[in-house]
Structure formats: structure tokens, C-alpha cells
Amino acid sequence: MIELDDIRAAARRLQGVTHRTPVLSSRTLDELLGARVVMKAETFQRGGAFKLRGAYNKICSIPVAERRRGVLAFSSGNHAQGVALASAALDVAATILMPTDTPAAKLAATRGYGAEVVSYDRFGQDRELVGRALAESRGLTLVHPFDDELVMAGQGTAALELIEAVGEIDLMLVPVSGGGLLAGVATVMRALLPQARVFGVEPQDGDDYARSLAAGERVRIPVPHTIADALTAPTPGELTFAVNRERTDGVVTVSDAQLVDAMRFAFERLKLVLEPSGAAALAALLAGAVSYEPGARIGLVLSGGNVDRKLFAELIAA
């Protein structure tokens with residue numbers, strides 16, 4: 001179990017490395033929902049998503065001699081960019097295992113930060129087995145996208161910054177795939193605002209977390225087909241599930257159509273570009289997936305904005 005002190009330690013390591021991303025609000029959104037909504041815009045983080053937080057906290061904590069041999073990560077895009085960016089900052093060689101259908105923008109950005117990219121078939125191969133085998137054969141340190149205490153602690157700094165900026169929050173909504181961001185955020189919330197409710201949000205076709213919480217144990221599903229390419233982990237992490245089972249109030253799901261509605265709302269009303277995965281928390285709120293009292297103070301993590309411009313235009317124009 002990670003604790004608040006771990007997240008505060010991560011925040012100290014990240015000073016001067018990550019952006020303290022803005023907290024946005026919208027009078028239109030507040031009036032529409034009858035609530036006061038604050039949005040932590042990780043779209044403005046370095047690398048375009050929250051992932052640099054956990055990646056840097058992990059890599060800078062690896063012993064120097066081990067770090068010199070290089071690191072390996074597997075990711076559909078945002079963790080890849082976070083690891084590549086953190087590795088470049090620390091002068092560490094990075095190898096990233098990415099699916100063949102990775103969005104072009106994420107692939108280009110990862111290579112642009114200097115990482116070597118190795119491809120795999122996400123629907124025919126187990127990325128964790130392939131990644132661990134590749135790391136072992138090359139003598140690289142694995143930087144897991146979510147199932148690592150240092151990664152979880154780094155991601156939790158987003159919630160720490162949000163609370164420092166706005167104070168009280170009654171309800172927090174967070175996108176969830178493997179569960180690292182949710183675990184970090186939930187840990188901060190339980191320590192600083194224990195009365196607040198905390199929910200993860202995942203795609204309807206990728207509901208492994210909701211199923212796992214209902215079953216009381218980790219459930220594996222087939223790799224989901226969804227526009228939310230960053231929310232396609234087929235099963236919760238072992239470490240993240242232990243945290244989220246204890247510290248969250250549940251996980252809700254949203255459809256691809258609801259993700260698009262949220263992307264369109266963010267673009268038209270907030271002048272903000274969100275990738276489908278980054279719009280998950282907003283989608284759940286707009287779709288009424290979680291109940292709340294009138295006037296409630298609601299926090300959202302808008303987790304990323306790395307979306308191909310052609311795909312973005314096609315989705316919001318539909």
C-alpha cells in the first residue's frame with residue numbers, strides 16, 4: 001500500500017520537472033449539472049498526459065548503475081511518452097514496446113523523445129509477457145505502466161496539486177485502465193478528504209475493473225475494442241487493485257459515444273482538446289453515471305490530449 005507520504009516524496013522529486021497543470025472550471029458546465037466542477041487538465045502536462053509524473057518518479061529512483069543499462073516500458077502511447085521523456089531528462093536509454101495500431105501522433109512523439117520503439121500485436125500477444133522477456137534479454141529495468149508503488153505515487157501528485165488549488169472536493173472522478181492513476185488519487189483523497197467519494201471511469205467494452213470489484217478479485221477480459229486506446233488493460237494490476245478495492249467507492253463505465261460527447265463538449269465549451277481516454281471522467285459526469293447532491297464540489301482528472309488530429313476531427317464531427 002502506498003501512503004500520502006510516498007506521494008509527497010514524489011512531489012518533491014517532480015519539482016522543476018513536471019508542470020503544475022491548470023485547474024479549469026466552466027460556468028456552463030456548472031449550470032448544466034447543478035454542481036461546482038473543477039478539472040485538473042493533465043492535457044497540459046509535458047508529454048500531453050499525466051504519465052510523466054509516475055515515469056519520472058520511478059526512473060529517478062532506480063540506482064544509477066542499474067539505470068545506465070536502460071529501461072523498458074510497454075504502452076499504447078501515453079506511458080510510452082512519459083517514459084521516453086523522463087529517460088531523456090535523466091540521460092537513460094529507453095526501449096518502448098508499443099502495439100502496431102498505436103495512434104500515429106503517440107508513436108511519433110515517443111520516437112521524437114529519443115526512445116527505441118519495438119512493435120507487437122495487442123490482440124494476438126500478451127504485452128506484459130513480451131515486455132518482460134525483452135527486458136530480461138537486454139538487461140533493462142522494467143518501468144511498469146501502473147503496477148508499481150513509485151509509479152502510483154507519482155500519478156497521485158495530480159490530486160495533491162488539485163486539492164492544494166481548490167480545497168474541499170465532495171466527489172472525484174478519474175479515468176482507469178490498469179489503475180495506477182486511480183490508486184494514487186484515491187490515496188490522496190482518503191488521507192486529506194476522507195469523506196469524499198472517489199470513482200474510476202472505464203469504457204463499457206473494457207470493464208475489467210468494474211467486474212473485478214464486483215467479484216472481489218481480479219478478472220481478466222479480452223483486450224477491448226474501444227476508441228479509448230489508453231484504457232485497454234485487460235485486467236487490473238495486482239498492486240493497484242489492492243489499493244483501489246480499499247480506497248475507492250467503485251468504477252463506472254461509459255460508452256464510446258459518451259466519450260465522443262465529452263470530447264465535443266470540451267472542445268466547443270472549454271476550447272480544450274481531449275483524447276477519448278482523457279475525456280472519460282467528464283463523460284461519466286455528463287452521462288449521469290454517478291449521483292451527487294445539488295451544489296456538490298466535483299473534481300475531474302482530464303488525463304490526456306494525445307489524439308491524432310484527423311481522428312479527433314472525425315469523432316467530434318460525427
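**Figure 1. Helix H7 in the lining of the largest pocket.** Helix H7 (residues 127-138) contributes three residues to the lining of the largest pocket, the most of any element. The model shown is predicted: local features need pLDDT of at least 70 and side-chain atom pairs count only at pLDDT 80 or more, while totals for chains, interfaces and linings use all residues. Residues are numbered from 1 along each chain as its sequence is written, and side-chain values use heavy atoms, with hydrogens and water left out. Helices (H or I, at least four residues) and strands (E, at least two) are DSSP runs, numbered from the N terminus. The pocket holds about 400 Å³ of space. Its lining comprises 23 residues, with Asp126, Arg127, Glu128, Arg220 and Pro234 lying nearest the centre. A pocket is an open set of points on a 1 Å grid over the protein atoms alone, with protein on both sides within 12 Å along at least five of seven lines; a cavity is a set of points where a 1.4 Å probe fits but cannot get out; lining residues have an atom within 4 Å of a point. Grid points are joined across faces, edges and corners, and a volume is the space filled by probe spheres set on the points.

Figure 2. Of the 25 residues that line the largest cavity, Phe50, Lys51, Ser177, Ala230 and Leu231 lie nearest its centre. Helix H5 (78-89) and helix H9 (180-192) each supply at least two lining residues, and H9 has the largest share with three. The lining of the largest cavity has eleven polar, ten nonpolar and four charged residues. Ten of the 13 residues in H9 are buried, that is, under 20% relative accessible area, with exposed meaning over 50% and partly exposed in between (1.4 Å probe, protein chains only). Among these buried residues are Gly180, Leu181, Ala186 and Met189. The end C-alpha atoms of H9 are 19 Å apart, which agrees with the 18 Å that its 13 residues should span at 1.5 Å a residue; the expected span is 1.5 Å times one less than the number of residues.

**Figure 3. The second largest cavity.** This cavity contains about 40 Å³ of space. Its lining includes Pro103, Lys106, Ile227 and Asp229, together with Glu275, Pro276, Asn306, Val307, Asp308 and Leu311. Five of the lining residues are nonpolar, four charged and one polar.

**Figure 4. Strand E2 and its partners.** Strand E2 (residues 36-41) is largely enclosed by the rest of the structure, because five of its six residues are buried. E2 pairs with strand E1 (residues 23-24) in the antiparallel sense over two bridges, where two strands pair if DSSP finds at least two bridges between them. E2 is also joined by six bridges to strand E10 (residues 297-302), and these two strands run parallel. Met39 of E2 stands opposite Leu24 and opposite Leu300 in E10.

**Figure 5. An open sheet of four parallel strands.** The strands lie in the order E5-E4-E3-E6, with parallel pairing. Strand E5 (116-120) and strand E6 (141-142) are the edges, each pairing on one side only. Five bridges link E5 to strand E4 (residues 94-99) in the parallel sense, and Met98 stands opposite Ser119 in E5.

**Figure 6. Two aromatic pairs.** A search of the whole structure finds two such pairs; rings of Phe, Tyr and Trp (its six-membered ring) pair if their centres lie within 6.5 Å, with planes under 30 degrees apart counted as stacked, over 60 as edge-to-face and the rest as tilted. The ring centres of Tyr209 and Phe241 are 6.1 Å apart and the planes stand at 50°, so this pair is tilted. Tyr209 lies in helix H10 (residues 208-215) and Phe241 in helix H11 (residues 238-247), so the contact ties together parts 32 residues apart in sequence. Tyr209 is buried at 0% relative accessibility, and Phe241 is buried at 4%. The rings of Phe267 and Phe312 have centres 5.5 Å apart and planes at 75°, so this pair is edge-to-face. Phe267 belongs to helix H12 (residues 256-270) and Phe312 to helix H14 (residues 309-317), so the parts tied together are 45 residues apart in sequence. Phe267 is partly exposed at 37% relative accessible area, whereas Phe312 is buried at 8%.

Key
Ala, Val, Leu, Ile, Met, Phe, Trp, Tyr, Cys and Pro count as nonpolar, Asp, Glu, Lys and Arg as charged, and the others, Gly among them, as polar.
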